[in-house]
Amino acid sequence: MPDLLDKYRKLKSRHDALVRFGADAVMLVNERLLSPTRAIINGRETILAGTNNYLGLTFEKECIKAGEQALRDYGTGTTGSRIANGTYALHVALEQALADFMQRQHCMVFSTGFQANLGMIAGLAGSNDTIFIDMDSHASIHDGCRLSGAKVVVFRHNDVEHLRRRLERNPPREGGGRLVIVEGLYSMLGDTAPLREIVALKDEHDFQLLVDEAHSFGVLGETGRGLAEAEGVEDGVDFVVGTFSKSLGGIGGYAVSDHPDFDVLRYASRPYMFTAAPAPASMATTLCILQQISARPQLRQQLWKNAQQLHGGLKTRGFQLGFDGVSPVVAVICPSEEAAVVMWNALLENGVYVNLALPPGTPNKLALLRCSVSAAHTAEEIDAVIDAFVAARDAMLAMMAQQSG
Ligand SMILES: Cc1ncc(COP(=O)(O)O)c(C=O)c1O
């Protein structure tokens with residue numbers, strides 16, 4: 001009988017080959033956090049340029065205090081699911097605050113963003129239904145589709161005409177509905193969904209629409225409600241999913257909707273029902289950070305100013321970027337996996353952390369060095385990131401020249 005882990009031999013040898021160039025990207029340890037944008041890594045003070053901490057709110061004193069108070073008032077954990085003993089006043093307060101912020105009737109909080117997608121997609125769709133997803137969807141969307149048992153139809157990334165043809169060729173099945181799922185801001189390249197055109201398809205085709213605003217919450221829209229707000233099409237979006245692990249600086253996920261029967265998912269969605277309710281301290285910090293996001297729109301302005309600086313700086317220095325427009329996600333396209341790993345190590349040695357993103361986790365099999373900008377980055381930090389990229393490219397080119405010579 002083969003060992004169950006034998007199937008990963010190829011994956012393991014690929015990982016071992018990459019680790020030979022330096023640090024292990026999948027086990028990199030932040031030994032100490034100094035601020036939202038700085039940590040000690042490998043004993044060295046490092047600028048964090050790949051954290052998804054878009055608004056830089058993870059060290060807000062008031063929110064840390066709120067978390068400490070919740071620990072004292074409610075204890076360390078809930079020791080039970082939301083539908084048993086795990087619903088605390090803080091869960092309900094956060095759901096109400098998120099519903100108010102998103103201007104929706106209903107909200108459900110999940111233990112992670114990943115579970116929010118699993119719970120919503122598998123809760124909404126069943127074996128008679130058809131789900132249409134963008135081919136660059138996050139793993140949690142793909143896995144939610146699989147869990148649902150629905151027929152899954154994939155359309156080319158951001159290709160509205162392809163989605164239209166897919167809708168035409170896949171009418172609702174007997175007794176089944178149709179769900180289209182897109183992301184507000186795609187996490188690898190930083191581009192956004194053509195949401196207005198997708199909503200317009202509802203004039204010709206019958207479907208419900210779910211938008212995952214994981215990366216766009218707090219980032220897009222006049223008040224930070226995401227891409228649907230920015231595009232003025234919230235009325236056309238039936239369900240919004242989001243996470244606490246990015247602009248909200250915590251852990252957990254949520255879904256909001258105006259659907260009158262939305263709350264049935266509380267006792268129909270297994271990833272919501274059969275897991276422990278999120279920790280009280282996490283609910284308290286998220287509630288506090290949500291209030292900060294409402295009260296401080298200038299953070300969003302600063303974020304976009306910083307995004308412009310990083311995007312412009314890298315472009316001027318000749319880097320090929322994954323997306324032409326300015327976005328808080330800035331992905332540098334590397335000529336090969338090896339080049340990406342060499343540059344990633346050189347960046348780290350120069351005191352800059354970014355995400356190393358390799359296939360199959362990337363669109364079009366690209367090897368990426370993915371940066372995410374924060375409102376908390378200073379202009380000097382962003383300049384240092386740009387300089388470190390230039391030095392890393394020089395190191396990579398020198399190494400490649402040595403290899404070929
Ligand atoms: C688009 C998208 N959806 C969902 C998630 C999952 O969120 P979480 O980290 O809270 O599980 C992520 C996380 O990276 C994401 O990028």
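## Around the ligand

Helix α4, residues 113-124, gives the most to the shell around the ligand, with three residues. (Helices here are DSSP runs of H or I with at least four residues, strands are E runs with at least two, and both are numbered from the N terminus.) This is a predicted model, where local features need pLDDT of at least 70, side-chain atom pairs count only at pLDDT 80 or more, and totals for chains, interfaces and linings use all residues. Residues are numbered from 1 along each chain as its sequence is written.

There are 14 residues around the ligand, and T112, G113, F114, A214 and T243 come nearest. To count as near, a residue needs its C-beta atom, placed from the backbone, within 6 Å of the molecule. Sorted by class, the shell has two nonpolar, 10 polar and two charged residues. Nonpolar covers Ala, Val, Leu, Ile, Met, Phe, Trp, Tyr, Cys and Pro; charged covers Asp, Glu, Lys and Arg; the others, Gly among them, are polar.

## An open sheet

Next, look for four strands in the order β1-β2-β3-β12, which form an open sheet with mixed pairing. Strands pair if DSSP finds at least two bridges between them. β1 (30-35) and β12 (352-353) are the edge strands with a single partner each, so one side of each has no neighbour in the sheet.

Strand β3 (residues 44-48) runs parallel to β12, and two bridges join them. Here L48 stands opposite Y353 of β12.

I293 sits in helix α10, residues 280-295. Is I293 buried or exposed? I293 is buried, because 21 C-beta neighbours lie inside 10 Å. (The cut-offs: buried takes 20 or more other C-beta atoms within 10 Å of the residue's own, exposed 12 or fewer, and partly exposed is in between, with C-beta atoms placed from the backbone.)
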